[in-house]
Amino acid sequence: MLVLANIAWFAWTHWVERPVDEAVPAKVDAPQLVLAREAPATDAAARPPVLPTANCLSLGPFGDLTDAARASTLLRENGLEPRQRAGEGVVWKGYWVSLERVPDRASADGIIERLRRFGIGDAYSMPDEGRQITISLGLFTERQRALQRMDEVKALGFEPLMAERARSGTVYWIDVDVESPAKLPDAAKLNGGVSRILRLEIQPCGAAAGESHPVPDLAQGKALPG
């Protein structure tokens, strides 16, 4: 009887009743946790934040680097950071007063001698362009001075002409980044105390760039020439 009881207990515990602790846990599908530094970069994180762009303006053209340096100094005194560059362009030179259609060299020499006797010492004849000769009576950056010279020449019985002159060659521009609605100082104030007309323009940087390259800023840490 004892042997039969042991056999029955063994069969019950091994083949009929299954222990609770042997149950297989159910598999759960869930995303794996990772550290922030281990996470792959997304497109949004890879792109730098978009910042508002500065309003870039160009001031010029300057006929020489000294004028550009003076203007850069004034802009820097107004809390701006100017950048100078050079390129090819046309710059206004001034008002030219002249006598045209002088018939020959002898007549031109006589007129120049008379003008010099009356204090007009900068008169000279231009290279011959055909049979007639042109006498230059001065190039002025101020219109009032050009008109004064015309009056002086008219008083001697001549009929002078006045025309605006420009030249092609190397010109200088100043680029400045300003935040809207800020703007550059009045271009008329950028003569640096020089009593003459520069005829400066203010336009977007892209419109003035063209074929240009950066140049050293003479006004940065150095005395201005001239």
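**Exercise 1. List the buried residues of helix α3 and find what they pack against.**

Step 1. L65, T66, D67, A68, A69, R70, A71, S72 and L75 are the buried residues of α3. Buried means under 20% relative accessible area, with over 50% being exposed and the range in between partly exposed (1.4 Å probe, protein chains only). Helices (H or I, at least four residues) and strands (E, at least two) are DSSP runs, numbered from the N terminus.

Before going on, note that this is a predicted model, in which local features need pLDDT of at least 70 and side-chain atom pairs count only at pLDDT 80 or more, while totals for chains, interfaces and linings use all residues. Residues are numbered from 1 along each chain as its sequence is written, and side-chain values use heavy atoms, leaving out hydrogens and water.

Step 2. Now look for the partners: the buried residues of α3 pack against β1 (55-62), β2 (83-102) and β5 (161-178). A contact here means heavy atoms within 4.5 Å.

**Exercise 2. Check the length of α3 and inspect both of its ends.**

Step 1. Helix α3 covers residues 65-77, which is 13 residues. The expected span is 1.5 Å times one less than the number of residues, so α3 should span 18 Å; its end C-alpha atoms are 18 Å apart, in agreement.

Step 2. At the start of α3, a side-chain oxygen of D64 comes within 3.1 Å of the backbone nitrogen of T66.

Step 3. Just after the helix, G79 has a positive phi of about 80°.

**Exercise 3. Locate the disulfide and describe its geometry.**

Step 1. The structure holds one disulfide (cysteine sulfur atoms within 2.5 Å). C56 and C205 form it, with their sulfur atoms 1.8 Å apart.

Step 2. The angle about the S-S bond is -75°, and the link of C56 and C205 is left-handed.

Step 3. The pair joins distant parts of the chain, 149 residues apart: C56 is in strand β1 and C205 in helix α6 (residues 205-209).

Step 4. Is C205 buried or exposed? C205 counts as buried because its relative accessibility is 12%.

**Exercise 4. Characterise the surroundings of Q203.**

Step 1. Q203 sits in strand β6 (residues 201-204), and it counts as buried because its relative accessibility is 17%.

Step 2. Its side chain makes a polar contact with the side chain of E201 (3.0 Å). Such a contact is a pair of N or O atoms within 3.5 Å; within protein, one must be able to donate a hydrogen and the other to accept it, and residues adjacent in sequence count only if both atoms are side-chain atoms.

Step 3. D175 is 28 residues from Q203 in sequence, and their C-alpha atoms are 9.7 Å apart.
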